[in-house]
Amino acid sequence: MRSEAELLSLAGKARERAYCRYSNFSVGAALLCDDGTVYQGCNIENASFGAGICAERAAFSAAVSDGRRDFSAIAIVGGDAEKVGFPDKQCPPCGICRQFMSELCRGDFRIILGTPRSCSVYRLDELLPHGFDLEDKHGEN
Ligand code: THU
């Protein structure tokens, strides 16, 4: 079992590899599988702005491409790329990443956000209540 601190540290390492020349906001993610395997991801920007990818979805893309479907948690760290060390503000996942997670993860999937002074852990169904799902299209939501 990996600790939240360990996952945040791996997210911080992934953040160092971010390609974020347009926003200068670097993000790293560490995605934990049920068996303890971790996949890292960083944001990768593009001159065609909509073509970039967030760190979280980069981590999921690596994991799914490697055949994984068993996810239990993700740690996310993001902030000003010019500043060294751990950012002092938490970096919650954007709406597209929350929707992406809801496709592949259970409601109790944990989202770990941290700074040097704080650590918050949320469940996916807390951060994306009433998420879109084709199966629920004709249901009550
Ligand atoms: N970003 C992420 O990597 N994850 C998020 O959940 C929010 C935003 C990236 C996208 C872009 O490269 C930069 O942060 C600034 O928006």
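I found that β4 and β5 form a hairpin with four residues between them; strands are DSSP runs of E, at least two residues long, and helices are runs of H or I, at least four residues long, each numbered from the N terminus. This is a predicted model, in which local features need pLDDT of at least 70 and side-chain atom pairs pLDDT 80 or more, whereas totals for chains, interfaces and linings use all residues. Residues are numbered from 1 along each chain as its sequence is written, and side-chain values use heavy atoms, without hydrogens and water.

I noted that β4 and β5 (residues 119-123) run antiparallel and are joined by five bridges; two strands pair if DSSP finds at least two bridges between them. Leu 113 stands opposite Ser 120 in β5.

I then turned to β3 (residues 71-80), which runs parallel to β4 and is joined to it by four bridges. Ala 75 has Ile 112 of β4 as its bridge partner.

How many residues of β4 are buried? I recorded four of the five in β4 (residues 110-114) as buried, meaning under 20% relative accessible area with a 1.4 Å probe, protein chains only.

An N or O atom in the side chain of Glu 45 is 2.5 Å from an oxygen atom of the ligand. A polar side-chain atom of Asn 43 lies 2.9 Å from a ligand oxygen atom, and a polar backbone atom of Ala 55 is 2.9 Å from an oxygen atom of the ligand.

Definitions and conventions:
A polar contact is a pair of N or O atoms within 3.5 Å; within protein, one must be able to donate a hydrogen and the other to accept it, and residues adjacent in sequence count only if both atoms are side-chain atoms. Buried means under 20% relative accessible area, exposed over 50%, partly exposed in between (1.4 Å probe, protein chains only).
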